[in-house]
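Please look over the model shown here.

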Amino acid sequence: MTESESPSTSGKAPITGAIQKNCCLSNKLRLATNDSTGFLYQRCATGSLIMSNIFLATSIITLAEMELGCVGANVECGKIYGFKPSSLIALSATVSGILSAFILPFAGAIIDYTPNRHILGVISSIIVVAIQAIQIYTVEGTWFPMIILQSINGFMFQVVTLASYGYLPEIAATIDEQTLKWYSSLYYMFFFGHQVLFLVVIAAITIIFATSDVLTAQISQGIDATVTGGYFVLTWYYFTKREAKAKLPEGSSLVGAGFKQVFHTAKGLYDHYPKTVGTFFLGCIFSQASKSVLVNC
């Protein structure tokens with residue numbers, strides 16, 4: 001890995017991280033700044049990660065049904081641990097959501113008020129990849145602990161995303177508007193492109209080798225742990241270490257400051273865009289419903 005000087009592409013005064021990093025074959029996907037390159041690799045990692053969890057969810061439901069002895073079409077399943085097998089994934093997502101609601105504001109305060117954004121992203125990424133690797137061993141005797149891990153992983157994924165999106169304002173400050181528009185499109189192209197590619201690869205393996213839902217998920221988790229892990233290494237290699245964005249208000253703690261910021265942001269959105277907020281929450285509801293249909297059908 002080497003570093004070389006590179007000027008800002010927009011004529012703006014560069015901020016921390018103006019020294020361009022170079023790493024192996026990743027130079028083929030090198031953008032104008034270190035942070036913009038890091039965010040590109042983060043989107044690649046995220047695309048594969050999300051698709052692998054769809055196969056894992058299917059495997060967990062199948063294993064729960066096997067334990068109840070109700071595998072097959074038109075077979076009515078009872079409850080296991082108080083829930084129907086088809087509801088387990090929604091329950092896991094709910095637990096992740098609750099964890100996010102109570103802990104993410106604290107993580108956001110760490111990102112805004114301390115110089116620990118980079119290390120927070122590194123640690124949370126390591127945990128995500130480690131859990132993905134552990135879940136390769138999702139079998140009939142381990143599926144319930146694995147769904148608990150999945151709830152934790154859903155929350156840790158939100159921490160990774162939060163730390164990564166914290167770099168977007170700095171990316172926007174160092175490149176011109178047209179370049180930013182192109183990069184925004186590029187990020188989504190790579191994100192959805194990796195989702196499609198991952199889906200095609202796993203589907204091809206399933207068809208060629210006639211693998212079961214459980215084995216398919218194991219293969220999927222193994223591939224994703226490798227792919228996402230590699231992309232996360234590049235992500236946090238390129239993302240630069242930053243100082244605190246703001247000074248912690250006097251007399252405030254990180255926990256209190258995080259929740260206050262969330263409240264002020266929500267209030268500002270409601271005051272200025274009341275109809276938009278309602279539409280946003282409605283969209284969130286239907287998007288979650290769509291995910292449940294995709295997994296359960």
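The questions below concern a predicted model.

Q: How do helix 3 and helix 7 run relative to each other, roughly parallel or roughly antiparallel?
A: The axes of helix 3 (residues 117-134) and helix 7 (residues 213-238) come within 9 Å. They cross at roughly 170°. Angles over 145 degrees count as roughly antiparallel. That makes helix 3, relative to helix 7, roughly antiparallel.

Q: How many residues of the contact of helix 3 with helix 7 are charged?
A: Helix 3 brings residues including His118, Gly121, Ser125 and Val129 to the contact. Helix 7 meets them with residues including Gln221, Asp224, Phe232 and Trp236. Seven residues of this contact are nonpolar and seven are polar. The charged ones number one.

Q: Which helix supplies the largest share of the nonpolar patch?
A: Ile98, Phe102, Ile103, Phe106, Val255 and Phe259 make a nonpolar surface patch of about 530 Å². Helix 2 (88-113) and helix 8 (254-272) each give at least two residues to the patch. Ile98, for one, sits in helix 2. The largest share is four residues, and they come from helix 2.

Q: How many residues apart in sequence are the parts that Asp35 and Arg242 tie together?
A: The whole structure holds three salt bridges. In one, the side chains of Asp35 and Arg242 meet at 2.2 Å, N to O. Asp35 lies in helix 1 (residues 34-68) and Arg242 in the loop between helix 7 and helix 8, so the parts tied together are apart in sequence by 207 residues.

Q: Where is Tyr81, and what is its phi near?
A: Tyr81 belongs to the loop between helix 1 and helix 2. Its phi is positive, in a residue other than glycine. The value is near 55°.

Q: Which loop holds Ala210?
A: Ala210 is a residue other than glycine, yet its phi is positive, near 50°. Its place is in the loop between helix 6 (177-209) and helix 7.

Conventions. Residues numbered from 1 in each chain as written. Predicted model: local features only at pLDDT ≥ 70, side-chain atom pairs only at ≥ 80, totals over all residues. Heavy atoms only, no water. Axes fitted to C-alpha atoms, helices over the stretch in contact; angles between N-to-C directions. Parallel < 35°, antiparallel > 145°, perpendicular 65-115°, else oblique. Contact = heavy atoms within 4.5 Å. Nonpolar A, V, L, I, M, F, W, Y, C, P; charged D, E, K, R; others polar. Patch = residues over 30% accessible without salt bridge, like charges linked within 9 Å, V, L, I, M, F, W, Y side chains within 5 Å. Areas by Shrake-Rupley, 256 points an atom, 1.4 Å probe, with all protein chains shown as cover. Salt bridge = Lys/Arg side-chain N within 4 Å of Asp/Glu carboxyl O.
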